[in-house]
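Here is a friendly set of notes to read alongside the model. Please keep the viewer open as you go through the points.

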Amino acid sequence: MGSFIENGTIRLNNNPSILSFAAVVGKTEGDGPLGNEFDEVFEDITLGEKTWEKSESRLQEIALQKAMAKGEISESQIDFLFAGDLLNQCVASNYGVRSFEIPFVGLFGACSTMAESLIMASIFVDSNIATHTAAMTSSHYCSAERQFRLPLNYGGQRTPTAQWTVTGSGAAIITTQDKPPFVRSVTIGKIRDMGIKDAANMGAAMAQAAYETISTHLASTSTSFDDYDLILTGDLGMIGTNMLRELFQRDGFDLNDKHNDCGLMIYDLNKQDVHAGGSGCGCSASVLCGHILKQLKDGAINDVLFCATGALMSPTMIQQGESIPSIAHAVHISATI
Amino acid sequence: MKITNKEYDELAKKHSPNSKTIINMIKAFVIGGLICVIGQALIYFYMSFDLSKQDSGTMTSITLIFLSALLTGLEVYDRVARHGGAGTLVPITGFANAVVSPALEFKSEGHIAGLAAKMFVVAGPVIVYGLAAAFVYGILVYIFTYL
């Protein structure tokens with residue numbers, strides 16, 4: 001059973017392991033540098049559905065089906081499913097998983113949801129409550145735009161700090177087994193609000209949360225950057241990434257070789273018109289479940305500190321002049337026990 | 001290391017690139033200018049049918065609005081506007097795009113609660129404050145002309 005250390009950090013002692021994982025994405029993501037890594041790329045991002053919300057739901061449905069098929073388990077074997085997304089009332093998850101006969105816990109952590117759901121799913125397995133759990137999230141460019149910003153066909157210019165919501169979903173099945181990748185420890189972050197009010201600069205709003213969660217994780221697990229091959233943030237994008245690196249530089253750590261951000265990995269920022277990079281729950285979910293977990297499973301890399309970041313605002317609060325509260329959760333995923 | 005909100009804001013500003021103002025202005029001038037040239041050509045075109053200058057102007061507005069609505073539906077207008085910026089926003093075509101794009105977008109919530117109700121989410125404020133300004137202007141004109 002897991003043991004609580006301090007400051008939101010929990011060490012998982014029964015070696016919960018990621019049995020299988022799957023990532024499905026849209027065309028823009030398929031055209032990006034990781035295009036070949038995903039389980040399926042949808043050229044038609046409606047996925048044959050009449051509304052964008054249902055298209056996103058379908059992404060989750062397919063991601064979970066693929067993850068179950070790859071792990072050779074049926075839905076009756078999954079004891080709990082933890083899922084969430086960006087849409088109001090988390091409808092992409094609610095509608096996406098309504099056909100499954102799996103006990104469901106809906107989560108909201110904005111773009112940090114992949115880490116949040118992975119943490120919950122791992123703790124449930126680690127504490128012997130469940131034998132199989134699933135963690136999943138998604139985002140869709142078109143459903144996010146209409147909820148948070150402007151109509152798709154509205155002619156406007158984005159600021160260079162804006163990020164592009166990833167169309168994609170990632171799902172992972174957790175169980176106890178002696179095969180990697182293992183979830184070793186987790187840190188549940190605190191909400192941080194540094195007063196940033198610009199909803200078109202979310203990377204800047206979230207950098208401090210990532211900085212504090214990573215620092216807390218290292219301090220409470222008595223590890224250092226040397227113990228990890230990769231520090232992987234969720235969707236800080238270009239601005240948030242540069243800020244995070246400078247924050248650590250002030251502490252005397254050079255993160256340039258060790259850190260990467262899913263929002264920078266999923267698109268080619270020079271060729272694709274995505275401004276400061278990718279964002280959305282699907283960003284870290286598809287990069288983790290499409291690319292990183294594969295590398296951990298194959299032993300290409302050993303230790304990853306996955307730190308997904310979320311901007312916890314709504315259009316209403318931004319219009320009321322409020323700043324953006326942010327959060328980051330960290331998960332240490334390892335190829336060894 | 002502890003950081004204050006003010007220091008953090010400075011850090012954010014330092015790493016946030018500004019818009020490329022000069023390039024954007026040139027693009028806006030060229031694309032916005034092009035729309036106006038099309039408008040002027042349309043005026044001459046209608047005048048060649050012996051329409052008065054005023055009627056030609058009205059027909060040109062109608063034509064530009066139609067073309068903008070059509071190009072919005074064909075997903076062309078927003079692609080041009082990505083480069084055009086204010087050049088595609090300011091002419092009448094920009095206003096048409098601002099009405100048609102939410103109408104299309106929110107059609108999925110039905111013709112009443114979706115299409116019709118959301119049609120003015122972008123353009124509504126322009127209409128409200130445009131009318132309010134016109135009202136004030138009308139009163140001022142009245143005062144200075146008749147009193």
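1. A word on the ground rules. This is a predicted model, in which local features need pLDDT of at least 70, side-chain atom pairs count only at pLDDT 80 or more, and totals for chains, interfaces and linings use all residues. Residues are numbered from 1 along each chain as its sequence is written, while chains are lettered from A and ligands numbered from 1 in the order in which they are written.

2. Helices (H or I, at least four residues) and strands (E, at least two) are DSSP runs, numbered from the N terminus.

3. Where the chains meet. Chain B gives 29 residues to the contact and chain A gives 26. On the chain B side, α1 (5-15), α4 (77-84), α5 (86-89) and α6 (92-105) each supply at least two residues, and α6(B) has the largest share, with seven. By class, the chain B side holds 13 nonpolar, 11 polar and five charged residues.

4. Cores. A nonpolar core is a set of buried Ala, Val, Leu, Ile, Met, Phe, Trp, Tyr and Cys residues joined through C-beta atoms within 7 Å. A residue is buried if 20 or more other C-beta atoms lie within 10 Å of its own, exposed if 12 or fewer, and partly exposed in between, with C-beta atoms placed from the backbone. The largest core has 112 residues, of which A134(A), A172(A), F306(A) and C307(A) touch the most other members. Helix α6 (residues 202-220) of chain A gives the most to this core, 10 residues. Both domains of chain A contribute, so the core lies between them. Leaving out residues up to four places away in sequence, F306(A) touches A115(A), L232(A), L288(A), A330(A), V331(A) and I333(A).

5. Strand β9(A). Is this strand enclosed or open? Eight of the nine residues of β9(A) are buried, so the strand is largely enclosed by the rest of the structure. β9(A) pairs in the antiparallel sense with β3(A) over nine bridges and with β7(A), also antiparallel, over eight bridges; pairing requires at least two DSSP bridges between strands. T175(A) in β9(A) stands opposite S17(A), and G170(A) in β9(A) is the bridge partner of T137(A).

6. Backbone details to check. Most residues other than glycine have a negative phi, and most peptide bonds are trans. The bond from P180(A) to P181(A) is cis, with omega near 0°. N7(A) has a positive phi of about 45° and is partly exposed, with 16 other C-beta atoms within 10 Å. N128(A), in the loop between α4 and β7 of chain A, has a positive phi near 65° and counts as exposed, with 10 C-beta neighbours inside 10 Å.

Conventions: Contact = placed C-beta atoms within 7 Å. Nonpolar A, V, L, I, M, F, W, Y, C, P; charged D, E, K, R; others polar. Domains from an automatic or database assignment.
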